[in-house]
Amino acid sequence: RHGAVKNEDTFKTSPFHFDLWFYFTLQNWVLDFGRPIAMIILPLEWFPLNKPSAGDYFHMAYNVITPFLLLKLIERSPKTLPRSMVYVSIIMFVMGASIHLVGDSVNHRLIFSGYQHHLSVRENPIIKNLKPETLIDSFELLYYYDEYLGHSMWYIPFFLILFIYFTGCFTPVAEESRMPVAALLLTGPSSLYYWYLVTEGQIFILYIFTFFAMMALVMHQKRKGLVLDSNGLFLFYSFIITLVLIAVWVAWLWNDKILRKKYPGVIYIPEPWAFYTLHMNNLHAAKESL
């Protein structure tokens, strides 16, 4: 029965899923974080600007592997979770990640033409002189699909699935509420990736609401005498460390006037790639050396 929670489910236990969490963390780092790096460092002759880059193929693999791992994670939950919501979320996830693939592919290829991520679309030197000016609107539409629509349809289902899984990570046995060594080893890389996801994806509001929902659920279940199992602790602690990393990142770049201009408003969280193109590398020189 989809969406039903059986009474006996509450007393089932689930060991730490080292294999799934390891594969999940590894493919996140390689296929998501590594895709723009692969695009930049591999010879341009291998992947011409009018063809998909190496990073695009990484993104395609990510769009297939990640939904599969999320489904396997849900299957291992000790509780019967709302499958219909999970399936709809997976469909939305694939749609959003695919939209992002197209927009992100073009935006990252523009780097080789001098596009600067720390500037807005209209402020970029290679964009603002386009004729006719309506072409600028087209690039802004591309940016909207990449950074807003694509991210929303990608990350909202992603965090929703993680939260749905988290709701099944409770046990009445206090001895099971501890993390094995394998979980401790994966917490650092997992947290660092979530920091990258939140900052580069500009989804702090979504992340913090998910984290608050987790905290509220933990306190609610504690009143019932239930505690987090090893998988729940791994996910919860990863989110806590992520929040600390975000705070350190914001504090470090608090007085950066250029990034402040691109990210105005109360919530100031610069993107790592905007910081990279502004401070860490001359991409024109990198292009010439390829």
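**Rings and charges in a predicted model**

Let me start with Phe239, which is buried at a relative accessible area of 1%. Buried here stands for under 20% relative accessible area and exposed for over 50%, with partly exposed in between, using a 1.4 Å probe and protein chains only. The model is predicted, so to speak of a local feature I need pLDDT of at least 70, and side-chain atom pairs count only at pLDDT 80 or more, while totals for chains, interfaces and linings use all residues. Residues are numbered from 1 along each chain as its sequence is written, and side-chain values use heavy atoms, with hydrogens and water left out.

Tyr194 is buried as well, with a relative accessible area of 3%. Now the aromatic pairs. Searching the whole structure gives 36 of them (ring centres of Phe, Tyr or the six-membered ring of Trp within 6.5 Å; planes under 30 degrees apart are stacked, over 60 edge-to-face, the rest tilted). One of these is Tyr194 with Phe239: the ring centres are 5.3 Å apart and the planes stand at 55°, so the pair is tilted. Tyr194 sits in helix α6 (residues 181-201) and Phe239 in helix α8, 45 residues apart, so this pair links distant parts of the chain. Helices are DSSP runs of H or I with at least four residues, strands are runs of E with at least two, and both are numbered from the N terminus.

The rings of Trp249 and Trp252 have centres 5.9 Å apart and planes at 65°, so they are edge-to-face. Both residues belong to helix α8, three residues apart, about one turn of the helix. Which of the two is buried and which exposed? Trp249 has 9% relative accessibility and counts as buried, whereas Trp252, at 56%, counts as exposed.

Arg260 sits over two rings. It lies over the face of Trp254 at 4.1 Å from the ring centre, and over the face of Tyr268, also at 4.1 Å from the ring centre. The rule is NZ of Lys or CZ of Arg within 6 Å of the ring centre and within 35 degrees of the ring normal.

Next, salt bridges. How many salt bridges are there? The count is six, taking a side-chain nitrogen of Lys or Arg within 4 Å of a carboxyl oxygen of Asp or Glu.

Arg122 and Asp137 form one at 2.6 Å, N to O. This pair joins distant parts of the chain, with Arg122 in the loop between α3 (83-109) and α4 (125-128) and Asp137 in helix α5 (residues 134-166), 15 residues apart. Arg122 also bridges to Glu140, with closest N and O atoms 2.9 Å apart. Glu140 is in helix α5 too, 18 residues from Arg122. The three residues make up a network of salt bridges. Each counts as partly exposed: Arg122 at 38%, Asp137 at 40% and Glu140 at 30%.

Arg35 and Asp32 form another salt bridge, at 3.0 Å between the closest N and O atoms. They are three residues apart in helix α1 (residues 18-41), which means about one helical turn between them.

Last, Asp229, in the loop between β2 (227-228) and α8 (230-252). What is the nearest side chain of opposite charge to Asp229? That is Lys79, 11 Å away, and Asp229 is buried without a salt bridge (Lys and Arg count as positive, Asp and Glu as negative; His and the chain ends are left out). A polar atom of the Asp229 side chain does lie 3.2 Å from the backbone nitrogen of Asn231.

Definitions and conventions:
Polar contact = N/O pair within 3.5 Å; in protein donor to acceptor, adjacent residues only side chain to side chain.
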